[in-house]
There are 2 protein chains.
Amino acid sequence: MSSQPASMRDVAHRAGVSLSTVSRVLRGAPGVAPDVRLRVQRAADELSYVVSRNASGLVTGRTGRVAVVVPFLQPWFFGVVLSGVSDALREADLDMLVYQVGETRAREGWTRALPLRRNSDAVVTVSMDLSEDECHRLDDVGVPVVLVGQCVPGRASVYIDDRAGAAGATRHLLNLGHTRIAYIGARREEWSSTSSRHRLEGYGAAMATAGLAPWSVGKATGHAGGELAMGELLSDQDPPTAVLAEFDDIAMGAHRILRRSGVRVPGSISLMGFDNHDAAAVLDLTTVDQAPYDTGLAAGRLTVGILDGKARTDTHVEMPTQIILRQSTAAPRGARGLST
Amino acid sequence: MSSQPASMRDVAHRAGVSLSTVSRVLRGAPGVAPDVRLRVQRAADELSYVVSRNASGLVTGRTGRVAVVVPFLQPWFFGVVLSGVSDALREADLDMLVYQVGETRAREGWTRALPLRRNSDAVVTVSMDLSEDECHRLDDVGVPVVLVGQCVPGRASVYIDDRAGAAGATRHLLNLGHTRIAYIGARREEWSSTSSRHRLEGYGAAMATAGLAPWSVGKATGHAGGELAMGELLSDQDPPTAVLAEFDDIAMGAHRILRRSGVRVPGSISLMGFDNHDAAAVLDLTTVDQAPYDTGLAAGRLTVGILDGKARTDTHVEMPTQIILRQSTAAPRGARGLST
DNA sequence: CTGTTAGCGCCTTCAA
DNA sequence: TTGAAGGCGCTAACAG
């Protein structure tokens, strides 16, 4: 209604008290008579008054805002993480600023380009896979940083054990009786995140433990890469009986190729993904769940904890992964594994 | 490094000029000697100085921030829209605040609970399907509002023509020669958004034009609903030869049931979705694309335009929809349609 | 318990 | 073209 939104003065006036009293009430500070508190609250309500974080922040030095930096906003994963972060911040009455900075190569200098400096109380990076350099530049911003999907010693990090997840997935296939297990991932030159590296390592380790040689194919990321890689595998003179993909998107591309080629899943080839993508359920894809919502929630709460001085800035939170069994994996034909 | 971030005074000091000069340079205001401008800029760079939006906003009354309100953050759709909004705002150097307010019934009073009032320059709502009441309460906030995915006369809206999209999809199926075309949507009591209503109407209209009676099944939303609805249709004594789903998630659930039941798509039943969900490509699902990224971009730009006084607050932008032909639709067996 | 005072960091007059 | 002064809305010390 009012073209000029009410200010604290208006509330004070209406309640018949001074500015500081209004301030105290609205901040929930102690030392205000109950009846006065009530009167002020009513006055504020009637004027639909909301404290300007701008002005209060100027004094307190806190903005009431947390910046969340993501490379992309489109992939399913980030929305889910953000959802968790958002819920956690809301609990603490903090606002969430979201910055999309694009792929690694294009984001030179985002640490300074973004108005982080005095405009947010903390920075949460999601799957940014920061270099040492970027980390240091973030320090310059002078606010606590929480890394999601990346584990850096000495820094607040929330992440999953990609190695263990991939190893577990590999073991699942091994236990079913598979020995010819291929791994499809993104080509290292295109997308060499730490998580990417760890998953490959986990696969390799599990294979080694089983006394088997690793067999990995690296193509582009996403559906397209999965299609290419699976095409290659199907053209091998002795194709695998099971395939583990670095993430579900890749698995989905592979699935499509298998469907089109008339190769039965899991009849002829078992296929397994990683991430528990939304659509994995639709494809009945066995996969590794990494609970991105919980990760976001944990990251948000850790951020709040750090801001409240209740958590250390070098806290590490490792989120569990979990194998989600669906219809895309089974024992190979004539297996001598668990499926006897 | 400095624990206390540099302030404008520090920059002024370092450049050997006054505060106002620094302010002018950093705002790009005219009336500063080129060499001075340069000197100030260098000083600011060296101190990695960033203007505090908090402080400047206090004076100018503008916060440099736009609030984007979404019901959920997890579904694919919102991430894509946000991505577009983010890019548009970034062009104008505006920050994006994101608020997730939950489902309709749970969001009583979000218009006042959120610190929108003096904390953002504009509000963008995405698929919020605001009631008259909520719209008015938003007016109270006193900032321009842009509605995405909802068309309200007299208010800035960016939306698609759901009716036309659904009608087009139906016509696609009709043209292929189908006559027994069923529609699966979310049950009205669960999710009665305008968009939902319009899609059903579009389907109904196209059927009517073709002289056919509509046949719609309403179940839960999401995969689950699609599964239930398709189950019901498959149990009909004369099942449809084509099915149009209100959105891709539902179509995917239906697809799963068809796959499990051994019903060939599109051999026995053609299946069509709406939205062009990420995973629709993987399932080879014919669908209606509604370009959510472009929608977000348009909404963001419209917001910027309104803030700059270059666009009217009642601008309507209708985004085009487009049929994406994939492998899930074909002429029915023995059709006399286009497929002769 | 309440009110008064002095800034927070910046932009906007106005005067030089 | 530049500098000095005032105040944006609020909080934090202090006084009462």
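How many residues surround DNA strand C, and which are the closest?

Reply: Keep in mind that this is a predicted model. DNA strand C is surrounded by 24 residues, and the closest of them come from both protein chains: A:Ser20 and A:Ala33 on one hand, B:Met8, B:Arg27 and B:Tyr49 on the other.

What part of the DNA does the protein meet here? Among the atoms of DNA strand C that lie within 4 Å of the protein, 63% are sugar or phosphate, and the rest belong to bases. In one, a polar backbone atom of B:Met8 sits 2.5 Å from a phosphate oxygen of DNA strand C. In the other, a backbone N or O atom of A:Ser18 is 3.0 Å from a phosphate oxygen of DNA strand C. For a base contact, turn to A:Ser20: a polar atom of its side chain lies 2.9 Å from a base oxygen of DNA strand C.

As for the elements behind this surface, those giving two or more residues to it are H2 and H4 of chain A plus H2 and H4 of chain B. H4(B) gives the most, with 5 residues. Sorted by class, the surface near DNA strand C holds 11 nonpolar, 10 polar and 3 charged residues.

Now the other DNA strand. DNA strand D also has 24 residues around it, and here the closest are A:Met8, A:Ser23, A:Arg27, A:Tyr49 and B:Ala33. Sugar and phosphate make up 67% of the DNA strand D atoms that come within 4 Å of the protein. Two side chains of chain A reach phosphate oxygens of DNA strand D: a polar side-chain atom of A:Arg27 is 2.7 Å from one, and an N or O atom in the side chain of A:Ser23 is 2.8 Å from one.

The elements giving two or more residues to the surface near DNA strand D are helix H2 (19–27) and helix H4 (53–60) of chain A, along with helix H2 (19–27) and helix H4 (53–60) of chain B. The largest share, 5 residues, comes from H4(A). By class, the surface near DNA strand D counts 11 nonpolar, 10 polar and 3 charged residues.

So much for the DNA; on to the sheets. Chain A has an open sheet of 4 strands in the order E7-E6-E8-E9, with parallel pairing. Its edge strands are E7 (216–219) and E9 (270–272), each of which pairs on one side only. On average, neighbouring strands in this sheet are turned by 20° against each other, ignoring direction. Within the sheet, strand E6 (residues 181–186) of chain A and strand E8 (residues 242–245) of chain A pair in the parallel sense over 4 bridges, and A:Ala182 stands opposite A:Val243 in E8(A).

Two helices go with this sheet. Helix H8 (residues 162–175) of chain A packs on it, touching E6, E8 and E9 of chain A, and its direction makes about 170° with that of E8(A). Helix H9 (residues 194–209) of chain A lies across E6, E7 and E8 of chain A and runs at about 170° to E6(A).

Over in chain B, helix H8 (residues 162–175) contains B:His172. Is that residue buried or exposed? B:His172 counts as buried because its relative accessible area is 13%, and the cut-off for buried is under 20%. Neighbours within four places in sequence aside, B:His172 is in contact with B:Met272, B:Thr286, B:Ile323, B:Leu325 and B:Thr329.

Last stop, strand E5 (residues 156–160) of chain B, where 5 of its 5 residues are buried. Both faces of E5(B) are covered: B:Ala156, B:Val158 and B:Ile160 are buried on one side, B:Ser157 and B:Tyr159 on the other. E5(B) pairs in the parallel sense with strand E4 (residues 145–148) of chain B over 3 bridges, and with strand E11 (residues 316–319) of chain B over 4 bridges. B:Ser157 takes part in both pairings: B:Leu147 has B:Ser157 as its bridge partner in E5(B), while the partner of B:Ser157 in E11(B) is B:His316.

How values were computed: Residues numbered from 1 in each chain as written. Chains lettered and ligands numbered in written order. Predicted model: local features only at pLDDT ≥ 70, side-chain atom pairs only at ≥ 80, totals over all residues. Heavy atoms only, no water. Pairing = 2+ DSSP bridges. Axes fitted to C-alpha atoms, helices over the stretch in contact; angles between N-to-C directions. Contact = heavy atoms within 4.5 Å. Buried < 20%, exposed > 50% of the residue type's maximum accessible area, 1.4 Å probe, protein only. Near = heavy atom within 4 Å. Polar contact = N/O pair within 3.5 Å; in protein donor to acceptor, adjacent residues only side chain to side chain. Nonpolar A, V, L, I, M, F, W, Y, C, P; charged D, E, K, R; others polar.
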